[in-house]
Amino acid sequence: MLAAADPKAQRIIADFPILAKPTSRGKRLVYLDSAATSQKPRAVIDALVDYYTTYNANIHRGVYELAERATDAFEGARAKVARFINARESAEIIWTRNATEAINLVSFSWGLENLKPGDAILTSQLEHHSNLVPWQLLAAKTGAELRFIESDQNGELLLDDLEEKLSGVKLVAITHISNTMGSIVPLDEIVPLAHAAGAIVLVDGAQSIPHMPVDVQDLEVDFFAASGHKMCGPTGIGFLYGRRELLDAMPPFLTGGDMIRRVAYTETSYNEIPWKFEAGTSNIADAIALGAAVDYLSDVGMTWIREHEIRLTRYALERLETLVPRGLAIYGPPEAADRAGVISFNLGDIHAHDLASLLDTGGVCVRAGHHCTMPLMEKMGWPATARASFYLYNMEDDIDVLVAALEKAAEVFRLA
Ligand code: 7TS
């Protein structure tokens with residue numbers, strides 16, 4: 001376990017300028033909401049400033065040196081992301097605004113082209129709205145059926161009847177990690193069965209890629225969607241990984257400049273991938289800064305980050321357990337190694353929003369609410385939960401502050 005006094009911990013914490021700033025109440029910032037968005041290391045902030053102050057220019061069109069530099073950095077960032085997830089080639093990485101847009105791209109482009117009445121889409125009961133609503137809409141537009149893999153009380157998927165559920169399925173769209181339960185979906189069990197049934201697999205990797213090594217070839221997934229802002233990058237940039245054969249065959253999603261090869265007044269031929277899917281001026285600065293985020297995460301080491309978060313989660317579960325007699329309910333898989341660094345909880349009958357507001361007075365940031373998983377909350381019978389989520393810059397003293405703040409909340413609300 002890394003304590004904040006440890007030199008590696010100190011180096012990591014020092015990389016994130018926001019963590020050195022006290023809250024408006026003069027408290028140390030204890031940021032436990034990285035599942036919503038991560039903090040940004042100086043290297044990422046510097047990459048943004050460097051682009052805007054030294055080589056800001058539009059890409060793919062200028063012949064002057066500044067524009068070539070911007071183009072090289074933008075395409076270089078794409079290559080970094082491709083290496084980070086072990087894609088076969090950079091062309092398989094499409095820049096999007098976020099994971100949500102990446103999923104919508106597949107739904108509107110691949111989905112409208114390939115689904116018809118009688119086909120089915122299989123997803124799960126764990127999904128974030130971003131990996132649910134697009135499929136509801138696609139099912140309504142195409143007449144395809146939407147099916148669900150069920151989850152148990154701990155957020156672990158029930159796979160016994162998976163082969164039956166896969167009958168007639170053309171697309172499995174599934175999260176890698178539940179942002180509410182913290183459970184990790186066993187893709188190694190699901191993907192081979194999905195492929196054997198003739199389905200392609202889209203993985204919503206918004207919660208996994210920031211926190212564990214991801215190898216899309218190893219996982220054998222067909223599409224993988226991610227958001228830059230949860231992996232130390234800026235907001236407004238994310239990506240879709242797709243296998244070349246699929247992307248080549250898909251029609252464009254958005255149309256306009258940059259995605260064309262040749263335009264006449266009445267017809268257009270399209271650019272090759274990845275640019276076929278990148279209409280209009282791209283988010284150049286944020287893509288470059290996401291490249292810096294990937295460099296940063298690679299330097300720290302994704303295996304180290306995963307192991308650090310398991311240790312932190314184990315410590316948090318042990319410490320939180322002491323509050324169970326006072327009414328703390330802890331959700332998700334019981335074993336730290338089976339889950340991501342995401343812990344949802346409720347304390348007595350205190351509403352999660354009141355609890356989060358109280359924690360905030362102590363400098364502790366946690367999210368409260370339905371976490372954009374309303375159907376899951378309804379299934380579990382929870383109006384809301386509070387949720388603490390960890391990242392590489394959290395140390396055991398952050399957990400100590402959380403637990404002390406929860407103890408104080410139990411006193412304030414006079415729980416046993
Ligand atoms: N998928 C999962 C599993 C997520 O957790 C999120 C965001 C998204 C998709 C959407 O990401 P976006 O960047 O496209 O918006 N999850 C959360 C969360 O748990 N709290 O705030 C955002």
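A polar atom in the side chain of Thr-175 sits 3.5 Å from the backbone oxygen of Asp-204. Keep in mind that this is a predicted model. Asp-204 also turns up at the ligand, as one of the residues that come nearest to it.

**Around Thr-175**
- Thr-175 belongs to strand β5, which covers residues 169–175.
- Its relative accessible area is 5%, so Thr-175 counts as buried, the cut-off being under 20%.
- The Thr-175 side chain also gets to the backbone oxygen of Ile-177, at 2.9 Å.
- Leaving out residues up to four places away in sequence, Thr-175 touches Leu-126, Glu-127, Asn-131, Val-185 and Asp-204.

**The ligand**
- There are 17 residues around the ligand, and the ones that come nearest are Thr-100, Asp-204, Ser-227, Arg-367 and Arg-387.
- Sorted by class, that shell holds 9 polar, 4 charged and 4 nonpolar residues.
- An N or O atom in the Thr-100 side chain is 2.5 Å from a ligand oxygen.
- Ser-227 brings a polar side-chain atom to 2.6 Å from an oxygen of the ligand.
- With Ala-99 it's a polar backbone atom that lies 3.4 Å from a ligand oxygen.
- On its own the ligand has 490 Å² of accessible area, and the protein covers 89% of that.

**Nonpolar cores**
- The largest nonpolar core has 81 residues, and Ile-85, Val-172, Phe-239 and Leu-392 touch the most other members.
- Helix α10 (residues 284–300) is the top contributor to this core, giving 12 residues.
- Setting aside neighbours within four places in sequence, Ile-85 is in contact with Ile-93, Ile-209, Val-214, Asp-215, Val-216, Phe-239 and Tyr-241.
- Another core lies apart from that one, with 34 residues that include Leu-323, Ile-343, Val-366 and Ala-410.

- Ile-273 and Pro-274 are joined by a cis peptide bond, with omega at about 5 degrees.
- Pro-274 is in the loop between β10 (268–270) and α10.
- Glu-220 isn't a glycine, yet its phi is positive, at about 60 degrees.
- You'll find Glu-220 in the loop between α8 (216–219) and β7 (223–227), and it is partly exposed at 47% relative accessible area.
- Asp-258 isn't a glycine either, and its phi is positive at about 75 degrees.
- Asp-258 is in the loop between α9 (244–249) and β9 (260–263), and at 17% relative accessibility it counts as buried.

Methods. Residues numbered from 1 in each chain as written. Predicted model: local features only at pLDDT ≥ 70, side-chain atom pairs only at ≥ 80, totals over all residues. Heavy atoms only, no water. Near = heavy atom within 4 Å. Polar contact = N/O pair within 3.5 Å; in protein donor to acceptor, adjacent residues only side chain to side chain. Areas by Shrake-Rupley, 256 points an atom, 1.4 Å probe, with all protein chains shown as cover. Nonpolar A, V, L, I, M, F, W, Y, C, P; charged D, E, K, R; others polar. Core = buried A, V, L, I, M, F, W, Y, C linked by side-chain atoms within 4.5 Å. Buried < 20%, exposed > 50% of the residue type's maximum accessible area, 1.4 Å probe, protein only. Helix = DSSP H or I, 4+ residues; strand = E, 2+ residues; numbered from the N terminus. Contact = heavy atoms within 4.5 Å.
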